[in-house]
Amino acid sequence: MDAAAQVQGKETGDRAQVRNHWSVEEAKALYALPFADLMLQAQRAHRENFDPNHLETASLLSIKTGGCPEDCGYCSQSAHYETGLKATRLMNCADVVTTARRAKDAGATRFCMAAAWRTPKDRDLDSVCDMVNAVKGLGMETCVTLGMLTPNQAARLAEAGLDFYNHNVDTSPEFYSKIITTRILQDRIDTLAHVRDAGIKICCGGIIGMGEHVEDRLGMLVLLANLPSHPESVPINLWNRIDGVPVEDAAEPPDPIALVRLVATARIMMSGSVVRLSAGRQYMTDELQALCFLAGANSIFIGDVLLTTQNPKVNRDADLLARLGITSGLAGGNQCA
Ligand code: SF4
């Protein structure tokens with residue numbers, strides 16, 4: 001039996017079973033299935049674990065922008081590159097809560113707060129804990145991304161009631177050092193372990209379109225799927241073109257069908273995880289997004305801005321979801337046109 005058939009057999013035989021011992025060969029075999037077969041498996045996995053006609057809606061706010069000491073080669077916020085981005089101080093709690101309330105009114109159920117740090121200082125962590133507490137008071141799920149954490153810092157965030165911590169692996173182990181040199185992949189994995197040990201759910205994914213090969217994208221999925229527990233949220237980002245960063249020269253937008261295949265492969269490998277179609281949706285047609293939702297993507301960021309880049313307008317998203325008959329927190333997102 002070839003590898004694709006073996007994977008198919010596992011998937012159809014082990015309904016909704018969560019595995020964390022994937023090989024790259026298995027991921028490649030899934031990814032390379034005839035499109036209709038891949039989509040059928042992804043749909044099966046999706047329907048066994050989620051309502052396929054419902055989408056999670058999250059909102060993302062940069063609470064401290066730019067001036068980051070890390071050298072992530074794709075990022076406008078790194079202090080290593082001249083991108084024209086103006087660094088800001090940490091926002092105050094009242095302004096964050098006002099923004100969260102607006103996001104909730106617009107239909108977001110989760111509010112994500114991002115700070116461009118290598119690791120938070122204790123004083124800043126106090127402020128973030130206050131924000132988490134206040135946003136939870138609005139009845140929203142909370143997520144923060146603050147860089148690397150110690151076990152103690154993770155415990156403090158857990159005490160504040162944090163639901164999710166975002167810390168992306170970004171890419172495959174093989175491609176990682178071509179993108180970032182100021183911290184190693186193991187640093188990231190250590191932080192994920194501290195977050196998990198503190199009882200906080202994990203949001204962890206990566207970026208495609210940075211000049212990596214398909215094998216790297218699949219290597220990233222294998223890395224995620226082989227963590228001791230699958231991340232509860234898996235964001236898949238398309239690199240947003242940014243002038244002045246190292247990735248700029250090698251970057252190439254992925255073929256749209258390759259993106260759909262990747263989403264479907266992620267859905268099958270991490271069948272119980274929410275897969276978020278994250279940054280880069282402003283480059284996607286309605287048809288491509290619809291295919292990604294069919295392939296198992298079941299979360300999006302809403303709002304006109306994502307950190308320092310653009311995102312589709314909320315009314316465009318509401319219109320698309322209405323035409324697809326997909327329910328969400330967005331007004332008007334539950335009726336077929
Ligand atoms: S750690 Fe985050 S904010 Fe800092 S350079 Fe990397 S991606 Fe950008």
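Predicted model: local features only at pLDDT ≥ 70, side-chain atom pairs only at ≥ 80, totals over all residues.
**Strands, a ligand and a few loop residues**

Good morning. In strand 7, the residue Asn237 is the bridge partner of Ile207. Residues are numbered from 1 along each chain as its sequence is written, and side-chain values use heavy atoms, leaving out hydrogens and water.

Helices (H or I, at least four residues) and strands (E, at least two) are DSSP runs, numbered from the N terminus. Two strands pair if DSSP finds at least two bridges between them. A residue is buried under 20% relative accessible area, exposed over 50%, and partly exposed in between, with a 1.4 Å probe and protein chains only.

Let us return to strand 7. Strand 6, residues 206-208, runs parallel to strand 7, and three bridges join the two. On the other pairing, strand 7 and strand 8, residues 274-277, are parallel partners over four bridges. There, Ser233 has Val274 as its bridge partner in strand 8.

Why is strand 7 described as largely enclosed by the rest of the structure? Six of the six residues in strand 7, which spans residues 233-238, are buried, so the strand is largely enclosed. Ser233, Pro235 and Asn237 point one way, whereas Val234, Ile236 and Leu238 point the other way, and all of them are buried.

A crossover is right-handed if, with the strands pointing away from the viewer, the path from the first strand over the helix to the second runs clockwise.

I now turn to strand 1. Nine of the nine residues of strand 1 are buried, and the strand is mostly covered. Strand 1 pairs in the parallel sense with strand 9, residues 299-301, over three bridges. Strand 1 is also parallel to strand 2, residues 110-115, with six bridges in that pairing. Which residues stand opposite Ala58 in strand 9 and in strand 2? In strand 9 it is Phe301, and in strand 2 it is Arg110. Strand 1, helix 4 and strand 2 make a right-handed β-α-β unit.

Strand 2 is mostly covered as well, with six of its six residues buried. Arg110, Cys112 and Ala114 lie on one side, Phe111, Met113 and Ala115 on the other, and all are buried. Strand 2 pairs in the parallel sense with strand 3, residues 141-145, over five bridges, and Arg110 has Glu141 as its bridge partner in strand 3. From strand 2 the chain crosses through helix 5, residues 122-136, to strand 3, in a right-handed β-α-β crossover.

Next, the ligand. Which residues surround the ligand? They are Cys68, Glu70, Cys72, Tyr74, Cys75, Ser78, Ala116 and Arg183, where a residue counts as near if one of its heavy atoms lies within 4 Å. By class, this shell has five nonpolar, one polar and two charged residues. Here Ala, Val, Leu, Ile, Met, Phe, Trp, Tyr, Cys and Pro count as nonpolar, Asp, Glu, Lys and Arg as charged, and the others, Gly among them, as polar. The ligand takes up the space of the largest cavity. A cavity is a set of points, on a 1 Å grid over the protein atoms alone, where a 1.4 Å probe fits but cannot get out; a molecule sits in it if more than half of its atoms lie within 2 Å of its grid points.

Finally, some individual residues. Asp71 is in the loop between strand 1 (56-64) and helix 4 (93-106), and is buried, with a relative accessible area of 10%. The C-alpha atoms of Asp71 and Val245 are separated by 9.4 Å, although the two residues are 174 apart along the chain.

Asp170 is in the loop between strand 4 (164-166) and helix 7 (173-179). Is Asp170 buried or exposed? Asp170 is buried, at a relative accessible area of 1%. Its phi is near 75°, a positive value in a residue other than glycine. Most residues other than glycine have a negative phi.

By contrast, Arg241, in the loop between strand 7 and helix 10 (247-250), is exposed, with a relative accessible area of 51%. Asp197, found in helix 8, residues 185-197, counts as exposed at 68% relative accessibility. Thank you.

Technical notes: 1 Å grid on protein atoms, 1.4 Å probe; cavity = no way out; pocket = protein on both sides within 12 Å on 5 of 7 lines; lining within 4 Å.
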